[in-house]
Amino acid sequence: MRTLTTTDELAAFCAAARQHPYVTLDTEFLRERTYYSKLCLIQVAMPGEGDDTAVLVDPLVEGLSLQPLYELFRDTDVVKVFHAARQDLEIFQVDARVIPDPLFDTQVAAMVCGFGEQVGYETLVRKIAKQGLDKTSRFTDWSRRPLTEAQKKYALADVTHLRVIYEYLNAELEKTGRAKWVKEELAVLTDPATYEIRPSEAWKRVKTRTSSGRFLAIVRELARFREGYAKACNIPRNRVFKDDALVELASTKPASMQDLGRSRLLLREARKGEIAEGILAAVRAGVDCDPADFPRLDKSRDKLQVNPALADLLRVLLKAKTESAGVAPKLIAPASDLDAIAAGMRDVPALSGWRREVFGEDALRLCEGQIALSAKGRDVRVVEL
């Protein structure tokens, strides 16, 4: 099990990898104590047999540059294969503003190929590669050195079996003509905007029970401060203060250090110093906010007049269509989108792109009374009217 620890070694391996149609990749990282993921290990494999076709790259070694890997990422002649790639891609986008191109995500491809929703790597290894995985090293500390042989074996398995999985899924997609479906799904993953952090939008992740504009303005300013402070100090946002404390602060509107001391949920470290000052300034900003600038919750779907019978028929149609196509139902449309369609909304993902081919076209025809559904045994059929 070879570990690359110099830039020259990495450059030589990447040069060899660029002679192949694809490479498989994975990372090991830690995020429990930092805002940004701490990259601890990179696994890379190219097609072929032998120990030289799969390596570990140690990014914690002083002096090792990842630029040869990033050059490989930019080589459009080589497909970069990941499983559940989002967190991996975030690391590379934050570190070097680079996203592998072209990208192939085996989790997305597996959902399109009928392996269910959010299918795990272990499941694909078992079903496609016909192998088992030793998961005992999964939650180990990947930042500690030296790595154990068990850790190295576990890490390499994440890219060696991935070769078999990719070749199988890629062949299935070509055979069924669904490669463009996966390409559509990967558009979000390959968009740099997906990984941009906007402190001004952080309030939308906080669950509240009120839609008061003033209250939400304070929530927005507190969330904005927390996001900026956590990012600047590279600590998890919950280490600044947790969501329940944020909501409490928005309710009590502390105006002084003495007021902060009465909080039930605020961490002790947040009752003094920069965090305390930031909290008080955020609360003041929210309290003084012009009503014209109040944040507002999107309640457009709350007012929908859903036809419950039509929504039920759409659920039956979705089940029939996805079973026939061998696609995970939630990949097509969650229940909320079905209700939206039944209420007359047409700006939903299920009615565009490849989803329209599989389900959306007939969903619209059902809504317009052009088709009906009938059952024969366990099969549901579309009947023209």
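Predicted model: local features only at pLDDT ≥ 70, side-chain atom pairs only at ≥ 80, totals over all residues.
Six strands make up an open sheet, and their order is β1-β4-β3-β2-β5-β6, with mixed pairing. At the edges stand β1, residues 2–4, and β6, residues 103–105; each has a single partner strand, so one side of each is left without a neighbour in the sheet. On average, and with direction ignored, neighbouring strands of this sheet are turned by 30° against each other.

One pair may be followed on the screen. Strand β5, residues 79–82, runs parallel to β6, and three bridges join the two. Within this pairing, Lys80 stands opposite Leu103 in β6. What packs on the sheet? Helix α1, residues 7–17, does so, touching β1, β2 (22–30), β3 (38–45) and β4 (54–57). The direction of helix α1 makes about 110° with that of β1.

I now move to the annotated span. The UniProt record, an unreviewed entry, places the feature "domain: HRDC" at residues 212–293. In the model, this span is 66% helix and 0% strand.

Is Glu227 buried or exposed? Its relative accessibility is 1%, and because buried means under 20%, Glu227 counts as buried. Which side chain makes a polar contact with that of Glu227? The partner is the side chain of Arg205, at 2.8 Å. Leaving aside residues up to four places away in sequence, Glu227 touches Tyr35, Ile197, Pro199, Ala202, Arg205 and Arg237.

The second residue is Arg239, whose place is in helix α9, residues 237–240. With 48% relative accessibility, Arg239 counts as partly exposed, since that class lies between the 20% and 50% limits. Again not counting residues up to four places away in sequence, Arg239 touches Arg33 and Leu267. How many residues separate Arg239 and Cys40 in sequence? They are 199 residues apart in sequence, and 22 Å apart in space from C-alpha to C-alpha.

Thank you for your attention.

Key:
Residues numbered from 1 in each chain as written. Heavy atoms only, no water. Pairing = 2+ DSSP bridges. Helix = DSSP H or I, 4+ residues; strand = E, 2+ residues; numbered from the N terminus. Axes fitted to C-alpha atoms, helices over the stretch in contact; angles between N-to-C directions. Contact = heavy atoms within 4.5 Å. Buried < 20%, exposed > 50% of the residue type's maximum accessible area, 1.4 Å probe, protein only. UniProt positions renumbered as here; feature names shortened; annotations may be inferred. Polar contact = N/O pair within 3.5 Å; in protein donor to acceptor, adjacent residues only side chain to side chain.
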